[in-house]
Amino acid sequence: MPTITTKDGVEIFYKDWGAGQPIVFSHGWPLSADDWDAQMLFFVKHGYRVIAHDRRGHGRSTQVGVGHDMDHYADDLAALTTHLNLMNAVHVGHSTGGGEVVRYLARHGGGHVAKAAIISAVPPLMVQTEANPGGLPKAVFDDFQAQVATNRAQFYLDVASGPFYGFNRPGATPSQGVIRNWWRQGMEGGAKAHYDGIVAFSQTDFTEDLKAITAPVLVMHGDDDQIVPYADSAPLSAKLLKNGVLKTYAGFPHGMPTTEAETINADLLAFIRS
């Protein structure tokens, strides 16, 4: 399997298909590069080079016990882009991966990045604080950690069967294949990485990162997102970005890159080509 080794000895698995302008995909919690299959197949057919990695502790990367924070995530991504000598790249992040992309752009982006897109992403800050009254109470994320620690197999099944893809909404038609694929990806990763990752995606404040980014960024979010509520995420991120564009999708769920791949792929392609 293709891997790189980070400076602290973690093996990061990645996929690298095709040729052309590179598009780099960063996945959500607690998934893997496989969650981008619909996008990678689409863009490689349209003449792009597509790259996706398994975040440390996730998927086929090392189940290391340390470094499950946004700085390490961003540094691991930087190690990958340096190893592959990527120039004029487009970075696309979903959910926690959106936070990873934002921290990477602010910390390492420089002149190597052409554009970026963040989808159903966690920035600016998920947890409720005095400065972020619209956030979710910390108790919500404490409960996530408790469920990961006690029965993550059932928790992951419940998340995929319900709020992640909106399969709990009236009239929804759940896809057992999509549910099982989410569960498979989650269970392939390490419990410690997933447990610590909850703090990383919920308590990291990306406000200053967003302000520092100069590249064009497309902010894509569904207004029926039950995982990262719309009002306290996408509109706020778009306002903080120097060159951000907000695109809101009526009724789309958190996992819209999978359930609404045709729409998301077309809009990403239009943004990249513009």
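Which residues have the most contacts inside the largest nonpolar core? In this predicted model, W182 and F201 hold that position, within a core of 56 residues. The neighbours of W182, leaving aside residues up to four places away in sequence, are W29, P30, L31, Y156, V159, A160, F164 and Y165. A further core of 23 residues lies apart from the largest one, and A33, A52, F252 and F271 are among its members. In soluble globular proteins, nonpolar side chains tend to be buried together.

T81 is located in helix α2, which covers residues 70-83. The relative accessible area of T81 is 8%, and because buried means under 20%, T81 counts as buried. When residues up to four places away in sequence are not counted, T81 touches L86, H91 and Y104. Between T81 and A116, which stand 35 residues apart along the chain, the C-alpha separation is 14 Å.

The structure contains 1 cavity of 30 Å³ or more, and the largest cavity holds about 30 Å³ of space. Its lining consists of I118, I119, S120, A121, P123, V219, M220, H221, A234 and S237. Two or more lining residues come from each of strand β6 (113-119), strand β7 (217-222) and helix α8 (234-240). Of the elements, β7 contributes the most to the lining of the largest cavity, with 3 residues. Sorted by class, this lining comprises 7 nonpolar and 3 polar residues, and no charged residues.

How values were computed
Residues are numbered from 1 along each chain as its sequence is written. This is a predicted model: local features need pLDDT of at least 70, side-chain atom pairs count only at pLDDT 80 or more; totals for chains, interfaces and linings use all residues. Side-chain values use heavy atoms; hydrogens and water are left out. A nonpolar core is a set of buried Ala, Val, Leu, Ile, Met, Phe, Trp, Tyr and Cys residues joined through side-chain atoms within 4.5 Å. Buried means under 20% relative accessible area, exposed over 50%, partly exposed in between (1.4 Å probe, protein chains only). Contact means heavy atoms within 4.5 Å. Helices (H or I, at least four residues) and strands (E, at least two) are DSSP runs, numbered from the N terminus. On a 1 Å grid over the protein atoms alone, a cavity is a set of points where a 1.4 Å probe fits but cannot get out, and a pocket is an open set with protein on both sides within 12 Å along at least five of seven lines; lining residues have an atom within 4 Å of a point. Grid points are joined across faces, edges and corners, and a volume is the space filled by probe spheres set on the points. Ala, Val, Leu, Ile, Met, Phe, Trp, Tyr, Cys and Pro count as nonpolar, Asp, Glu, Lys and Arg as charged, and the others, Gly among them, as polar.
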